[in-house]
Amino acid sequence: MSSAEQTPRPVRLTAAAVVAGIEALGLVAGGVYMLVDALTGSSGDLTGAVTGAVTLVALGLIPLAAARGLWLRRSWSRGPAVITQILALPVAWQMLQANSAMIPAGIVLGVLAVAGLVLLVNPATTEALGIRRPGQPTP
């Protein structure tokens with residue numbers, strides 16, 4: 001067992017894993033909803049709806065893998081988690097531009113993305129993942 005695994009997981013790292021997990025669940029749930037909607041005949045373009053649904057589910061696997069990696073303190077997981085947060089920001093912005101029920105969802109997504117970024121760049125998180133900062137000596 002490495003020394004990183006012996007120390008307690010920092011709260012910020014746990015929170016970052018939870019944020020990524022919530023985003024993954026949102027993407028998968030959206031994909032499942034689109035698939036059910038397409039298969040029940042509510043959608044006009046079956047092929048497009050199924051493609052969109054499969055794409056959302058597949059995209060949900062990225063933050064899901066990142067969440068698992070963060071939880072297990074894998075240093076590789078920070079990259080996909082950060083990219084997920086960065087990509088979520090323009091999506092949240094577009095949701096906020098809608099005149100519909102998407103506005104509250106955009107607010108939630110924006111808050112999650114900003115919180116996720118803050119948590120992921122926090123020194124306690126990077127240290128727990130074994131990521132060295134530039135200029136930091138090798139242990």
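Modeller: Before we start, helices here are DSSP runs of H or I with at least four residues, numbered from the N terminus. Please also keep in mind that this is a predicted model.

Colleague: Thanks! Which helices each supply at least two residues of the lining of the largest pocket?

Modeller: Happy to begin there. The pocket in question has a volume of about 620 Å³. Its lining has 21 residues, with Glu23, Leu27, Ala88, Val91 and Leu109 closest to the centre. The helices that each give at least two lining residues are H2 (11-39), H3 (46-71), H4 (78-97) and H5 (102-121).

Colleague: Where does the largest share of the lining of the largest pocket come from?

Modeller: Four helices, H2, H3, H4 and H5, each put at least two residues into that lining. Seven residues make up the largest share, and they come from H4.

Colleague: How many residues of the lining of the largest pocket are nonpolar?

Modeller: Let's sort the lining by residue class. Three of its residues are polar and one is charged. The nonpolar group numbers 17.

Colleague: Why does proline 90 count as partly exposed?

Modeller: Proline 90 belongs to helix H4. Buried means under 20% relative accessible area and exposed means over 50%, with partly exposed in between. Proline 90 counts as partly exposed because its relative accessibility is 45%.

Colleague: How far apart in space are proline 90 and glycine 110, C-alpha to C-alpha?

Modeller: In sequence, proline 90 and glycine 110 are 20 residues apart. In space, their C-alpha to C-alpha separation is 8.6 Å.

Colleague: One last thing: which residue has arginine 9 over its face?

Modeller: Let's turn to the rings. The count of aromatic pairs comes to zero. Arginine 9, however, lies over a ring face, at 3.8 Å from the ring centre, and that ring belongs to tryptophan 71.

Definitions and conventions. Residues numbered from 1 in each chain as written. Predicted model: local features only at pLDDT ≥ 70, side-chain atom pairs only at ≥ 80, totals over all residues. Heavy atoms only, no water. Phe/Tyr/Trp six-rings, centres within 6.5 Å; stacked < 30°, edge-to-face > 60°. Lys NZ or Arg CZ within 6 Å of the ring centre and 35° of its normal. 1 Å grid on protein atoms, 1.4 Å probe; cavity = no way out; pocket = protein on both sides within 12 Å on 5 of 7 lines; lining within 4 Å. Points joined across faces, edges and corners; volume = space filled by probe spheres on them. Nonpolar A, V, L, I, M, F, W, Y, C, P; charged D, E, K, R; others polar. Buried < 20%, exposed > 50% of the residue type's maximum accessible area, 1.4 Å probe, protein only.
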